[in-house]
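The following account guides a reader through selected features of one protein model. Please keep the sequence and the three-dimensional view at hand while reading.

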Amino acid sequence: TQGGIGYVEYGFAIKNKMPSAQLQNKEGNFITPNLESEQAALSNIKLPANLRAFDPDPAGAKSYPIVTFTWWLCYQKYDKPEEAAAVKALAKWCIEDGQQYAESLGYIPLPAEVRRKVLQALETIK
């Protein structure tokens, strides 16, 4: 649609050199989607104990207003201990060493506080 606005994820837009719209955030600022503005937004989303947070317009003068996390749905108890260990090992790698690949894959590196909470949650998987 001529003049219409659609949504694609950040990584898709970057890799395909698609133009992106500046959007007005909660603070009234018009923000360009980029690594810094999306990191600012993710840093302002407070995760509760269950790690489920939805904030369609995070606070922050430099926060881009459309961001979210990608979730993993994991069991708290696995029938086979080796499955629990594999899930935990993969998640831990993604949260720790894997963060270095986030930007090149079109994702936003997770804020330190989010990584800390996820690592704590992994300890509850048995």
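At a relative accessibility of 26%, C94 counts as partly exposed. The model in which this residue is examined is a predicted one. A disulfide is a covalent bond between the sulfur atoms of two cysteines. Because the cut-off for such a pair is 2.5 Å between sulfur atoms, the count of disulfides comes to zero. C74, accordingly, is in no disulfide.

Attention may now pass to charged side chains. Side chains of opposite charge can pair when their charged atoms come close. By the rule applied here, the count comes to one salt bridge. Which side chains form this salt bridge? They are those of E113 and R116, which meet at 2.5 Å, N to O. Both residues belong to helix α4, which covers residues 112-122. Because E113 and R116 are three residues apart in that helix, about one helical turn separates them. As for solvent, E113 is partly exposed at 40% relative accessibility, and R116 is partly exposed at 38%.

The aromatic residues come next. How many aromatic pairs does the structure hold? There are three aromatic pairs. One of them joins Y75 and Y78 in an edge-to-face arrangement, with 5.5 Å from centre to centre and 90 degrees between the planes. Y75 counts as exposed, since its relative accessibility is 59%, whereas Y78 is buried, with a relative accessible area of 12%. Another pair consists of W93 and Y101, whose rings are stacked: their centres are 5.9 Å apart, and the angle between the planes is 20 degrees. W93 is partly exposed at 40% relative accessibility, and Y101 is partly exposed with a relative accessible area of 39%.

Two serines in loops complete the tour. S63 is located in the loop that runs between α2 (35-43) and α3 (81-95). Is S63 buried or exposed? With a relative accessible area of 0%, S63 is buried. Its side chain has a polar atom 3.5 Å from the backbone oxygen of A40, and a polar atom of that side chain also lies 3.5 Å from the backbone nitrogen of A41. Apart from neighbours within four places in sequence, S63 is in contact with N25, I31, S37, A40, A41, N44 and P58.

S20 counts as partly exposed, because its relative accessibility is 44%. Which residues does S20 touch, not counting those up to four places away in sequence? They are A13 and P33. A further distance relates S20 to E83, a residue 63 places from it along the chain: their C-alpha atoms are separated by 41 Å.

Conventions. Residues numbered from 1 in each chain as written. Predicted model: local features only at pLDDT ≥ 70, side-chain atom pairs only at ≥ 80, totals over all residues. Heavy atoms only, no water. Helix = DSSP H or I, 4+ residues; strand = E, 2+ residues; numbered from the N terminus. Buried < 20%, exposed > 50% of the residue type's maximum accessible area, 1.4 Å probe, protein only. Polar contact = N/O pair within 3.5 Å; in protein donor to acceptor, adjacent residues only side chain to side chain. Contact = heavy atoms within 4.5 Å. Phe/Tyr/Trp six-rings, centres within 6.5 Å; stacked < 30°, edge-to-face > 60°. Salt bridge = Lys/Arg side-chain N within 4 Å of Asp/Glu carboxyl O.
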